[in-house]
Amino acid sequence: MISGAVAAAGSRLDLAITGRLIVEFSFIQESQMLEFTVEDMTCGHCVATLTKALQQLDAGARIEADVQTHLLRVTGTAAASAVEQAIRAAGYTPQARG
Ligand SMILES: [Cu+2]
């Protein structure tokens, strides 16, 4: 989990202790709502898997899912690219909704 203070300080943190390692955080300051169509999200187990994966990425994220329409709505502070990556890593195929 990343603190709001660090996120607000900038997208890059230079960890002097470990030398020149630059860690990039794909987080934004304000929460945003992202909507995806996830065709292979077909039941409650899929929703549970995705919710767990997305909350590991962003503990404060709010996840709404509708298996009928395959809508997955993620409200949180992780960048869209990071959310998409987490969905793919969980084994699903997200398509951003316009
Ligand atoms: Cu399922």
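This is a predicted model: local features need pLDDT of at least 70, side-chain atom pairs count only at pLDDT 80 or more; totals for chains, interfaces and linings use all residues.
Reader: Which residue of strand 5 is the bridge partner of Q32?
Author: G76 is the bridge partner of Q32 in strand 5.

Reader: What makes strand 3 and strand 5 a pair?
Author: Pairing needs at least two bridges found by DSSP. Seven bridges join strand 3 to strand 5, and the two run antiparallel. Therefore they count as paired. F27 has its bridge partner, A78, in strand 5.

Reader: How do you know that strand 3 also pairs with strand 6?
Author: The cut-off is at least two bridges, and strand 3 and strand 6 have three. So they pair, in the antiparallel sense. Strand 6 covers residues 94-96. In strand 6, A96 is the bridge partner of F36.

Reader: In what order do the four strands of the open sheet lie?
Author: The order is 4-5-3-6, with antiparallel pairing.

Reader: Why are strand 4 and strand 6 called edge strands?
Author: Strand 4 (62-66) and strand 6 each pair on one side only. From one strand to the next, the twist averages 30°.

Reader: Which helices pack on the sheet?
Author: Helix 2 does, touching strand 4 and strand 5. Its direction makes about 160° with that of strand 4. Helix 3 packs on the sheet too, touching strand 3, strand 5 and strand 6. The direction of helix 3 makes about 45° with that of strand 3.

Reader: How do you know that the span of helix 2 agrees with what it should be?
Author: Helix 2 has 14 residues, and at 1.5 Å a residue these should span 20 Å. The end C-alpha atoms of helix 2 are 20 Å apart, so the two values agree.

Reader: Which residues of helix 2 are buried, and why say that they line one face?
Author: L50, L54 and L57 are the buried ones. Seen down the axis of helix 2, they fall within an arc of 45°, so they line one face. These buried residues pack against strand 4, strand 5 and helix 3. The other side of helix 2 has exposed residues: G44, H45, A48 and K52.

Reader: How many residues are in the largest nonpolar core, and which elements supply it?
Author: The core has 15 residues. V38, M41, L50, L54, L72, V83 and I87 have the most contacts inside it. Strand 3 (27-38), helix 2 (44-57), strand 5 (71-78) and helix 3 (80-89) each supply at least two of its residues.

Reader: What does I87 contact, leaving aside its neighbours within four places in sequence?
Author: I87 is in contact with F36, V38, L50, Y92 and P94.

How values were computed: Residues are numbered from 1 along each chain as its sequence is written. A nonpolar core is a set of buried Ala, Val, Leu, Ile, Met, Phe, Trp, Tyr and Cys residues joined through C-beta atoms within 7 Å. A residue is buried if 20 or more other C-beta atoms lie within 10 Å of its own, exposed if 12 or fewer, and partly exposed in between; C-beta atoms are placed from the backbone. Two residues are in contact if their C-beta atoms, placed from the backbone, lie within 7 Å. Axes are lines fitted to C-alpha atoms, for helices over the stretch in contact, and angles run from 0 to 180 degrees between N-to-C directions. The expected span of a helix is 1.5 Å times one less than its number of residues. The arc is that of the directions from the helix axis to the C-beta atoms.
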